[in-house]
Structure formats: structure tokens, C-alpha cells
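Let's walk through this one together, a stop at a time. Keep the viewer open as you read.

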Amino acid sequence: MAVKNRVPVLERPVEERIKSFEEVALGYTEELAVEEAKRCLQCKVPTCVEGCPVGIDIPRFIKQIAERNFEGAFKTVKSFNYLPAICGRVCPQETQCEGTCVLNKIGKPVNIGALERFVADWAYKEGLEAQDGADVKIQEARDKKIAVVGSGPAGLTVSSELGRLGFQVEIFETLHELGGVLVYGIPEFRLPKEIVKKEISDLKNLNIVLHKNTPVGYAIDPRELLETYDAVFIGVGAGTPKFMGIEGTDLNGVYSANEFLTRINLMRAYKFPEYDTPVYVGKRVAVIGGGNTAMDVARSALRLGAEVYLVYRRTEAEMPARRAEIEHAKEEGIKFMLLTNPVRYIGDSNGRVVAVECIKMTLGEPDESGRRKPVPMPGSNFILEVDTVVEAIGTEANRFLLSQFPGLETSKYGYVVVNEWGQTSIPKVFAGGDIVTGSATVISAMGAGKRAAQGITRYLLESV
Amino acid sequence: MEFPENTIVRKRRFAPKLYEFWIRNSLVSRKAKPGQFVIVRTSERGERIPLTIVDTRPGEFRLVVKAVGKSTYELCMKNEGDVLADVVGPLGKPSEVRNYGNVLVLGGGVGIAAVLPIARALKEEGNKLTVILGARTIDELILRDEFGFCDELLLTTDDGSLGIKGTVVDAMRELVKEKKFDVAWAVGPAVMMKFASYVAKEHNFPIWVSLNSIMVDGTGMCGGCRVTLKDEKGSKIEYTCVDGPEFDGRFVDWDVFMNRLTQYREQERLALEKFLAEVGDVSWL
């Protein structure tokens, strides 16, 4: 049987989307979802499941879609993953479930991500609640209490897993909204905040207690957590932004990606002055970096009316961003300046950035990352005139909480050291997400959350 | 009566646009130490405003706020019984309070409120305390009757309406000619902290200043509050929210710091104009 072509996902047209923060991908209609689901070969040994960090029974839910049993599909997905509308949108499926799909050998893989999103969106539109979905079998109520520090993807996953088992879970979040990077880092046009709110509010069905505006570290001493709770999970995210450290970093108009995105996403600066927090985006913006965050920044700046230059020191092939994000950015008109690196920022007499001096690069021998190392070409310097610069080159370990945690072993880069179950050097303390791995993806943080939930369960019920 | 968290339980007017608030918040009142701050949002659409914690008592903490921009106007217009959208804290490193010997404490304008808890804690540690408080005029020289515990208290006003005519830094310059200090604290407008730091540097004693950087999250995530610190070895970036808010003023790159404070001047002006047009006459504030 010939394998049909992958059914394309509906998208907002480019000319429309570059003017607004409304979601770009519109997903599948029922008909399109069924058509795409029918492409699945229902492999006896489903390699896609191996590629999924949370082990969703992918063939089963796809079969249910093909049979138009959307509610069943939702239940299947939700029983593995409490946040399918989020994951369906932001997981790097091409390197996970879709990357291991058998159809890759003869054509394009099944669009598993879009199908996951479809079932969640369908269920929420139909008014299904989380407890209608998943086989949420809260097992016998247990008297063990777990504190989860941080409400990003790792913390939310740990909480939903443990909540379902009947543990008493309390989440502590420093910001005024729950969701961590899902609310401050990922733009509305990729992940609408309403979706995040919906999936988080479902956690209440698991009797999870949510504490906003609660900074563990100062307001709550880690020692108090250790005394009050039977286990503690740390999922505080990546932490402080890195800067290249070149001349002019302190000029006005030079941002870290975290600040730029937090102003726009969490504080809704794109609606200033209707919302009170401003952001400065001039006519021309340079974004430094080639990861997903750089794409998010570039596309946000574009929507705020700027002409955007993405300055990346290697070639497109080495960019760490997802393919789809790179394609979206190009379609929308982001200008890629590859094999280019900034060497200094130039300011005017008011201390505001007006230009970036760049240098051209070539690729030399492979470095420790296995990628060919970018080498500057002497004398190739040139000036790029801009009003705003955003550096999106990564983050380093958060020192807010960890410095307060007595006896917690960290790596030389300051990240928390854990075993395969997410357990740290303090037996009752577990950790996962970016604070363990350094900046990574939403789903890898969720995978870590899932493992830590298993680790915590073992620790509390078996080995104690 | 028990108020919900983040309720304004008491409000007092010191001078035009200058107010004191007692706010209900058990986390802050339980844990705050001198030198730390909170971040407040007045409403769902509001900014995150960092403000130094002045005092605590069971279940409540105290702030002193001056209305200068849209968000602080909005806060100052709140009344007793109103509930703030969000309060988070305490944040930042506490002041390093211990017995140093002779300590000089400078407070300028609203900064007087911010140095009060630090001065009190320093006194409790047995330091010999000289305090200089200054403001533009007598009405703005707030809380001066609460500094009775210090060994020597000097007051200055720009217009000479009380105490020495001149600035806090003018008085400091005179004082350091005759007296030796082991350490100083200075909290107030950036320009005051800058020049006080120059005096301390000249006379070779450390001076802790509390930087009111523009910040968003307050936990080291956004990097907006970065300051440049310089010494003979070179310069480095630190973050006010997690490495501060106090830094030794001798090493702060003041030109960079003061320039970064002007980042949103245009947007701030616009927001305030729009707000004032909406709320009408605020001359009563």
C-alpha cells in the first residue's frame, strides 16, 4: 500500500500572523485529524513510544482518532500526560516520537504532535475536564506530603503524577502566575496562555495546593521544607541569563532573551500602555543566537513592528532550533545573518545602542560539541545599525534557591546532581528539568518530572 | 478583625505624594531581614514594582512609597482595606549586619525609610552609629523621630527648612574630615549614593548602597537588573535581585547604573500622562 502524504496542519497566513500574537498553527479539523491518523501503520513494536519521554501509548490514541473515538483518544493521552495541549504544541516531536516513526523510511512520519494537540483541543472545546479524561485513579489517599518548588513543566509533571497517586502535593511558585517558562518564555503565538491556564487549573482536580508569590529560599527556608515534607522536588528552571560579555552590554536597548520575553509574555508588554510594563523595540532589532529562544525573540520583535536580523555564528545546519521554528521565522521575514558574530555594541551619547559591530566567521575543526567550531575571519568586521539587541545565548544555573539549600551537591557548572530517579545528594530531595540539565526542552523537563515522580514514589513507599 | 493577605491595613500621609503603608502578608512579616525587598503588583495589569521593606510586625510589613510614575501613583492612591494583586518577598540578600565599630548611615528622601531597619540592626549589634538624614524640605524628612537610638543624628534639607542647609553628602564630607568610619550605608537617590561612594572611596572605607535597578522577576531569571562592578582587576556583571540589592558603592559603575535607570523614560512619561488624564485631579495626593 502506498503511503499517503502527510496531511498539512492549518496555519494562519503569514501576512496576517506577523501583525498579531495570535497562534500561528491552527491544528487539524476533525476530518484532517482522522485522515492523518489513518496513515499510522499501527506497528507491532511501536518505536514512536520509545521516542517519547513520557511513554504515551501513541498507536492506541492514533487508532482511536482514526475510529473517530476522540474522547477515548483524549483519555488515552491524558492517562500518560496531564498536559497534552501544551506538549502537542511545544514538544520537539521531530527528534522524539516522530523521529523514530517507521514511516520516516519511506516518507514523512505521522504528525503525532498535531494529533496530540487535536485531541486535547477537541476535549477542552467539548468541555471535558481532566477527571473525565484520563483514568485518574487516585489510589488510596496517602498521608505523605510533597513540596514541589517551581511550577514549570518539570514541577507540573511531578505534581500531576504524584497527585494522581493520592499524595498530598503543594507547589511553590515565585512568580504571580503558574507555568514557569510556559508563561514567561514561550510566546502567545506558539502557546496561548489560556491553554496553559486550562491545563494547570485541571491540577486542582488532583487536590494539589498551589502557592503563588512564594519564593522558596527567602520566604520559606529550605530547612523548613525538609522538616515539613516527606519529599521535596526542585524544578526551578535554568536561571540567570548568560551574556557574551562584549563591550557595550550595559547600553540601554541591550536585553537578555529572558528579560525581553518575560516583559512580552508574562507582563504583556506588547499591549503597553494598556498593560503597565513597557518593552523597547525599535525599528531594527538584532537577535544573537540560533536556538528556539532566539526564534521566539525574533518573531516577537517582528510582531512588534521591527525589521529583525538573526545573528548566528555557525550555519543554519548547526542551529539548535527546531526545523519548524526556523521555517516559520524565515517565512515571516526574519533576516538570517549566518556565520556572523557580534564583537561589540555601539551606543549614542545617551547610552542607547545604535549599532552592532559584527565579524564574519568560517567553520573550522569540530569542537567538543561535535559541531565545527566557528572561527572569526580577520578584517571582515562590519557595522549593523540597530535600535535593540537581544542576546539569546543560554542561561546558567539559578543561584537564588540553590545557594540556600544546605548540603545539596551541584556540578561544576552549578546544576543539581541527580541519579536516574532524579534523586539528589539529600535523599528526600529530588530535582529535574533545566536546573539539572541546563537549558533544554519542555518535554525533557516533563520526562525528568515523570522519572522523579517514580523515584519519589519508590523512595516514600518502598525503601523507607 | 482578620484581613486577607495583601490588604493595606494602615496608610499614613507624610507629605504630598509620599505615603507609608502597613500591608498584611505573613510570609514577608515572618522572614524579612534588614536590606531585603518585596515586589508588589497593584492590579492584574500592573508592573512588578520592587520596594524596600521598612519594618515588620506580626503578620504585617511596612513600606514607604513616593508617587513618581504611573505604578507608584496608582499604589499611593490605594486606601486602607484595599487588597494588592500580588506581593512577593522577602527578596534579595539581607544587609551584612555585624559589629564593625564606627558606622556611618546616610538616608536621603525615601531612602530614609530603607535605612531605618539597617540602622536599628547595626545599633543592636553594638556599633557606634552616626546617622545623616536628608531631604529636599522639612516635610519630606520622614521618620526622623524614629532614629532616636543612634549615637549622633544630623539632619539636612536642601532648602534649609530643617537642620543643615545642603545635602546629605555635603554633611558627610564635613564629618569624615574629623571622624573615622569603619563602614557606611547609603540609601537614597542614585546621585546621592554615587557621590557618597566617591567620598567613601577617597577616605578608604566600604560603603553599602542599595540599588533601585529596573527589574522584572526579582529572582535572577531575567537579567534586567544587571549592574556593572569595576575594580583594578576589571569589570563584571552582577544582578541586583540575587547578588544585591546592596553593593559596595566604591565599585559600582555609576554612569552605567544611572543611565540604565533612564531606559524607559519615554514610556514612563507616556504611561503617567495617560493615567493622569484618566484619573483627573491628583493634587490632593
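Buried here means under 20% relative accessible area, exposed means over 50%, and partly exposed is in between (1.4 Å probe, protein chains only). This is a predicted model, where local features need pLDDT of at least 70, side-chain atom pairs count only at pLDDT 80 or more, and totals for chains, interfaces and linings use all residues. Residues are numbered from 1 along each chain as its sequence is written, chains are lettered from A and ligands numbered from 1 in the order in which they are written, and side-chain values use heavy atoms, with hydrogens and water left out.

Start in chain A with helix α12, residues 257-266. Helices (H or I, at least four residues) and strands (E, at least two) are DSSP runs, numbered from the N terminus. Ten of the ten residues of α12(A) are buried, among them A:F260, A:R263 and A:N265. After the helix comes A:R268, with a positive phi near 55°.

Now hop over to chain B, where B:N25 sits in the loop between β2 (18-24) and α1 (26-31). Why does B:N25 count as buried? Because its relative accessibility is 5%. The side chain of B:N25 reaches the backbone nitrogen of B:V28 at 3.0 Å. Leaving aside residues up to four places away in sequence, B:N25 also touches B:E5, B:N6, B:G59, B:E60, B:F61 and B:V87 (contact means heavy atoms within 4.5 Å).

Last stop: B:V191, in helix α5 (residues 190-202) of chain B. B:V191 is partly exposed, because its relative accessible area is 43%.

Terms used. Polar contact = N/O pair within 3.5 Å; in protein donor to acceptor, adjacent residues only side chain to side chain.
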